[in-house]
Amino acid sequence: MDIKDIMKPENMVYSKTPVLTSTTMHYCPGCSHGTVHKLIAEVIEEMGIQEKTIGISPVGCAVFAYNYVDIDWQQAAHGRAPALATATKRLHPEKYVFTYQGDGDLASIGTAEIMHACNRGENIVVIFINNGIYGMTGGQMAPTTLIGMKTATSPYGRDPKLHGMPLKITNLIAQLDGTCYVTRQAVHNAAAARKTKRAIRKAFENSALGKGTSFVEVVSTCNSGWKLSPVAANEWMVENMFPEYPMGDLKDR
Amino acid sequence: MKEEIIIAGFGGQGVLSMGKILAYSGIMQDQEVTWMPSYGPEMRGGTANVTVILSDKKISSPILSKCDVAIILNQQSLDKFEESVKPGGVLIYDPNGITRVPQRKDITICSIAAVDIAAEIGNSKGYNMVVLGAYLKMRPVVTLENVIKGLKKSIPERHHSLIPMNEKAIAAGMEKIEIKNSI
Amino acid sequence: MAEKILMKGNEAIAHAAIRCGCDGYFGYPITPQSEIMETLMEEQPWETTGMVVLQAESETSSINMLYGGASCGKKVMTSSSSPGLSLMCEGLSYLAGAELPCLVVNVVRGGPGLGTIQPGQGDYFQACKGGGHGDYRMIVLAPASAQEMYDFVDLSFELAFKYRNPAMILSDGVIGQMMEKVELRPMKPRWTNEEIIKSMPWATTGKTPDRKQNVITSLALDAAVHERLNHTLIAKYKQMEDEEVRFESVQCEDAEHVIVAYGCMARICESTIEMARKEGIKLGLLRPITLFPFPKKEINRLVPHLKSMMSVELSTGQMLEDVQLAVNGRIPVNFFGRLGGIVPSPEEVLEAFKNSINK
């Protein structure tokens, strides 16, 4: 059988959503970012909201998210994405506005911004990538780094006496009255990715309903920072990150 | 015409609002005006003062070292501003709480027992309007008609029913002012 | 003639914002400018013009809300005082780098640090020479009356959008707290979303099939691209210096000496000029209205006819350096300043001026 006979529309089982650009991603092989980008792009396509969606990209590896998801983007200063999203949504109530932030961005330098945006119940979506490490700056300790985990700035492992305990910021966010949906997901296998996509879709739908802030944490891998192969990183995540950051909805109302 | 006035007393005596009413009266009389308060924590219980300038011409500096009239409502303010009155100017004070009366001989000194007068007319909140009346008696730089217009502009519409009471307080101040030193 | 209302400079800013079609105000309380947000909240413009007013959790957040709003092509503004402006400097650098128009009002108090809540002019360097990181400039307007506080809001937005650049109103505690009569200008409607899409094709208004995605960023990791961005910015600043210089000149034409002062100090020095003239001293006043771009050419034009200039500021001598650069050593440039929130009287300035020329 010739390849041309196979490449027919009726045989198509998968195609890249047009909301995802054809630009080659700069992410390391095995990184979770690419998968989460794809899920967001698919949700935008399926909901038919490409013209109505504005993304806010962070400082961190995902700073270039605008190169991959074909919507209008604002690139924020480190940690400030929720402030940009607040103003954008309030000035454009008819738009879908989401921030895409890592653990350093959201849980360290941007703690005030995320807490207050969530507490005000801004009708935005927050996608929080938690891989327990600073990827872009070269593997330094994050607020969510696990106890004992070695990073460039905790070379002997995170010591609570020296560095404090891992910050379970999603649990704090769930306490805030402004949030309507707070969930923790992962994308290490197909089933998990499908669940994450459903969570992202629900979050976007919530923002149109004006229910408040929807917050989707994606526990992720940074195999380069963790110095593990992609497969080993996934296994390490399940074994070590999941007990500290358990999967599931923390709040859904 | 240019009239430079310093009003000084405790926060809560209505120093700033009296200045505002006077400034608004000036606007009603088509004058140029500035109203420059002391601001900050002293507004909450300490001393407060405001500089009001009324003029036929454009006003340059809103900050003064000397004034034509000082309206003094406590001892600290008297100590601070007695020397600021230009020779030939006017100092009006409320003797309530004053332990050392003004001494200068080169200025007109008047007293207005505004606390007592306001109590007598049953309008203790109209204290600063009694003082304003005393000032207007000495320095009729704005007409009473324009002062009433200024009052209307300065206070929220829901309080406009209080204007006749304030008019009464102004009249009482005009009547009860006592000249202590003439030049 | 329109009605004239007695109001504080700070209140004038708020009324001007509502009436000139501002889309959003985001701020955090700080003395001596809190009346701006208080007036906006009292007026509830979201019920009338649809303007958004929000008390943010910090100045850091306020300025980044401006980044978000400005990215959408909206007329957005914030206000603060000195310590708050320091917190905003990060955001100002990003706004300038991303070429976003917005208005920032600084009602200056004395510093450094927590300093005093009384008036100051010590933020001149921060406003005119950067403050945040990198090579950028802001358009800086210095009002000297409550009416100018009002009028410069609309003017700042006009200039900010003309150049796609942050504009600042650099005021001070005197001008913010002082009441004067203010004429309210006719209402301007807010821009519709359609107008924004048409006139600001760069804005993040939602990617439609007829155009490429819009991305607002100040990031340019490619060296050549980044150098080009800087050259684009420099070209704008050059154009501002050519086209936007504003100043007021008081009795400079026959003057032998000229005082340079802005904001509240210009008002005080105007009285000093009047006093000096009565004494037969030929003293003039040059009041820069734009601090960036600075009226260098006007100083250059005046210098050949002058014996001296004096910069008078509520600082230790910041604008002084720009006056010195423009004078370029041709005549003496003297300085008089007070600090700690002490605002000198016109007499005190006159005394200082006399001392400076009799040295």
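How far apart are the closest C-alpha atoms of chain A and chain B? They lie 28 Å apart, and no contact joins these two chains. Keep in mind as you read that this is a predicted model.

## Which chains touch

There are 2 pairs of chains that touch, and the pair with the most contacts is A and C. Here, 31 residues of chain C meet 28 residues of chain A.

Let's look at the chain C side of this meeting place. The elements that give two or more residues to it are strand E2 (24-27), strand E3 (52-55), helix H3 (59-71), helix H4 (82-97) and strand E9 (215-216) of chain C. Helix H3(C) has the largest share, with 7 residues. Sorted by class, the chain C side holds 11 nonpolar, 15 polar and 5 charged residues.

## Strands that pair across chains

One of those elements, E9(C), also pairs with a strand of the other chain. Strand E2 of chain A, residues 72-75, runs parallel to E9(C), and 2 bridges link the two.

## The largest nonpolar core

In soluble globular proteins, nonpolar side chains tend to be buried together. The largest nonpolar core in this model has 247 residues. Those with the most contacts inside this core are Ile127(A), Val130(B), Ala17(C), Ile139(C) and Val140(C).

Which element gives the most to this core? Helix H6 of chain C, residues 146-163, does, with 10 residues. The core lies between domain 1 (4-193) and domain 2 (249-357) of chain C, because both domains give residues to it.

Setting aside neighbours within four places in sequence, Ala17(C) is in contact with Cys22(C), Tyr25(C), Leu40(C), Met77(C) and Val153(C).

## A strand covered on both faces

Now find strand E11 of chain C, residues 257-260. Are its residues buried or exposed? His257(C) and Ile259(C) on one side, and Val258(C) and Val260(C) on the other, are all buried, so both faces of the strand are covered.

E11(C) has parallel partners. With strand E12 of chain C (residues 283-288), E11(C) pairs over 4 bridges, and Val260(C) has Leu286(C) as its bridge partner there.

Note on methods: Residues numbered from 1 in each chain as written. Chains lettered and ligands numbered in written order. Predicted model: local features only at pLDDT ≥ 70, side-chain atom pairs only at ≥ 80, totals over all residues. Contact = placed C-beta atoms within 7 Å. Nonpolar A, V, L, I, M, F, W, Y, C, P; charged D, E, K, R; others polar. Pairing = 2+ DSSP bridges. Core = buried A, V, L, I, M, F, W, Y, C linked by C-beta atoms within 7 Å. Buried ≥ 20, exposed ≤ 12 C-beta atoms within 10 Å, placed from the backbone. Domains from an automatic or database assignment.
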